Amino acid sequence: MSQARSSTAEDEYNGERHVYEPHRAGLPPLVPYFRELWRRRTFAFELSRTSMHAANTDTVFGQAWLVINPLLLSGVYYILVDIIGGGASKADPGAFFALLTSGLFLYYYITGSMSAGTTAVTQGGRLILNTSFPKMLLTVSTVYTAFRRFLPTLIVYFGIHLITGQKVGFHLLWLIPILIMATMMGLGLANLFATLQVYFRDTASFLPYVIRIWLYLSPVLWTIEMAKERAGKGGQMYQLLLTWSPINPMYGILGAQGEVLVGGTSPSWDLLAYGFGWSALILVAGSLLMMSREREFAVRL
Amino acid sequence: MTSLSQGAAISVKDVHVQYRMNLQKNPTLKNTIVRLGRRERTVRVFEALDGVSFDVPHGKVMGVIGANGAGKSTLMRTVAGILAPSQGRIEVNGRVSTLLALGVGFNSALSGRENVTLGGLAAGLSRAEIKEKYAEISAFAEIEDFMDMPMRTYSSGMYSRLAFAVAVNMDPDILIIDEALSAGDAHFKKKASDKMAELVSKARTMLVVSHALGTIKELCDEAIWLHKGKLIRRGEPDEIIAAYTKFLQVGEDAITLEDF
């Protein structure tokens, strides 16, 4: 079915000449694809703006809700883990609260991109049936929306950072590459799950379970130091958790962020390497899957 | 069949489109897993277009007729680049504007204005170009008062009028229209057909699918007749319509399609 693609540099989307040839199971020509994705980026921003407007996220109270919701969540987890659960933070409850909050905010940025991205294609029905455009624009738009929803929480976090007396300095610039990695991972996951959702319409209903379990397995409600300490005391589950952590794509990014924000240092290279490796892998794999399948979306919607 | 000429606006060469139709109403992972034990096939491969070749010279209007399930909409979508051909090659020279059966808006929670902007941006127009066209579109669709209301509040007529207004006002080099002329009331139909005639006079290339044979006769320079994914005949609209009407009257059994 998937025959050789056009070997010439003819452009599938761009310009005034379009050539369509079979590549159903293969990839579209990549250079024109990304060039066109870039050229039509305004669409992604506009879609994000209008959907935030439709969801009233751009009002004062809409923005406030974006902050109150995760704050309440970190309050709940703080009570659960630190107060009822016997205390992860014997030494410094403030530092633990800062770590918990920053971890939750970043975790929900990544998984928020993923869950909003999952339905991006199936909700774009009419547009997909009527217009030829790179479908990744839809997931780029949801990730951009997730980023805009994440920004106010970042400001709130810095309030907590200062109140709990965490260090301020140039090491905080490490947050930039960490956020880039989180965005790469969010987009990769969005592409992956948006494609799966076209084939299995219940993918989105499994996601809340995935997100919850993944949260417990990631260093958000527990710290790497705490796990090491408890593993040292013979805690078998903690030993298992630490052994398998490197295969958790969130481990590197969240661990590195914890070291920067609460540890007050540059992140360790192994965490950065895990973080970058996993983000790049997920971004490439998710995007390739979507690009190789997107011409079939119109038939399956 | 004429050979594919270099100067054609649309050139379709031996195009096949196969669908893998999923027999499950709503494909889910749960269904897939629970059906694993049963050896029923839930996917059927269906040849929607079977070796179709034709070309449309610049400035010509090509009509496409055929019964339901003939592959007309599939052909439109393939030419618009929305569906990939499974085999063959399609070449389109010019900016394409599509007006397919399902209309323009994709998000009914958003206003008409937002849908028009998003549709235009997705189609590759710039914000400035859309802004320039915007007044013309809303005036043509005659729904100025509703442009800032969510599209879910639109009647089906308003919906179709807006879709038509967008497609014809985007200054396309090539206009692909599927069943759209039946949109709206008598007044709008007249307006729509006048606009179409105007576009024809501006030497725009068009590909028109319609069950309204009168429209095909009136607008088209040439027509093709599709049946079950195959191109049965190509020629002057009158001749093709006559053959198609005869076929409809006597039915498939009484007539051998190869006769044409």
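**Figure 1. A:Thr131 in a loop of chain A, with its partners in chain B.** A residue is called buried when its relative accessible area is under 20%, and A:Thr131, at 14% relative accessibility, therefore counts as buried. The model shown here and in the views that follow is predicted. A:Thr131 is placed in the loop that runs between helix H6 (125-130) and H7 of chain A. Leaving out residues up to four places away in sequence, A:Thr131 touches B:Ile82, B:Ala122 and B:Ala123.

**Figure 2. The largest pocket and the helices of chain A that line it.** The space in the largest pocket comes to about 950 Å³, and 35 residues form its lining. Those that lie nearest the centre of the pocket are A:Gly112, A:Ala116, A:Thr145, A:Ala146 and A:Arg149. Two or more lining residues come from each of helix H2 (41-54), helix H3 (60-84), helix H4 (93-118), helix H5 (120-123), helix H7 (136-163) and helix H9 (203-217) of chain A. Of the elements in the lining, H7(A) gives the most, with eight residues. Sorted by class, the lining of the largest pocket holds 19 nonpolar, 14 polar and two charged residues.

**Figure 3. The largest nonpolar core, with the contacts of B:Leu207.** The largest nonpolar core has 98 residues, and the members that touch the most others are A:Phe43, B:Phe54, B:Leu75, B:Leu162, B:Phe164 and B:Leu207. Helix H5 (residues 156-169) of chain B gives the most to this core, contributing nine residues. When its neighbours within four places in sequence are set aside, B:Leu207 is in contact with B:Ile10, B:Phe54, B:Val56, B:Met62, B:Val64, B:Met76, B:Val79, B:Leu175, B:Ile176 and B:Ile177. Another core, of 53 residues, lies apart from the largest one and includes A:Leu100, A:Leu106, A:Met181 and A:Met185.

Figure 4. A pair of aromatic rings is described by the distance of the centres and the angle of the planes. A:Phe147 counts as partly exposed at 27% relative accessibility, whereas A:Phe150 is buried, with a relative accessible area of 4%.

**Figure 5. An edge-to-face pair between two helices of chain B.** B:Phe164 and B:Phe188 form an edge-to-face aromatic pair, with 5.9 Å centre to centre and 85° between the planes. B:Phe164 belongs to helix H5 of chain B and B:Phe188 to helix H6 (residues 186-201) of chain B, so the pair ties together parts that are 24 residues apart in sequence. Both B:Phe164 and B:Phe188 are buried, and B:Phe164 is also among the residues that touch the most other members of the largest nonpolar core.

**Figure 6. A cluster of aromatic rings in chain A.** In this view, ring pairs link A:Tyr78, A:Phe96 and A:Phe97 into a cluster.

**Figure 7. Chain B, with its helices and strands.** The secondary structure of chain B comprises eight helices and nine strands. Among the 260 residues of chain B, 52% are buried. Of the contacts in chain B with a separation of 6 or more, 71% are between residues 24 or more positions apart.

Notes. Residues are numbered from 1 along each chain as its sequence is written. Chains are lettered from A and ligands numbered from 1 in the order in which they are written. This is a predicted model: local features need pLDDT of at least 70, side-chain atom pairs count only at pLDDT 80 or more; totals for chains, interfaces and linings use all residues. Side-chain values use heavy atoms; hydrogens and water are left out. A nonpolar core is a set of buried Ala, Val, Leu, Ile, Met, Phe, Trp, Tyr and Cys residues joined through side-chain atoms within 4.5 Å. Buried means under 20% relative accessible area, exposed over 50%, partly exposed in between (1.4 Å probe, protein chains only). Helices (H or I, at least four residues) and strands (E, at least two) are DSSP runs, numbered from the N terminus. Contact means heavy atoms within 4.5 Å. On a 1 Å grid over the protein atoms alone, a cavity is a set of points where a 1.4 Å probe fits but cannot get out, and a pocket is an open set with protein on both sides within 12 Å along at least five of seven lines; lining residues have an atom within 4 Å of a point. Grid points are joined across faces, edges and corners, and a volume is the space filled by probe spheres set on the points. Ala, Val, Leu, Ile, Met, Phe, Trp, Tyr, Cys and Pro count as nonpolar, Asp, Glu, Lys and Arg as charged, and the others, Gly among them, as polar. Rings of Phe, Tyr and Trp (its six-membered ring) pair if their centres lie within 6.5 Å; planes under 30 degrees apart count as stacked, over 60 as edge-to-face and the rest as tilted.
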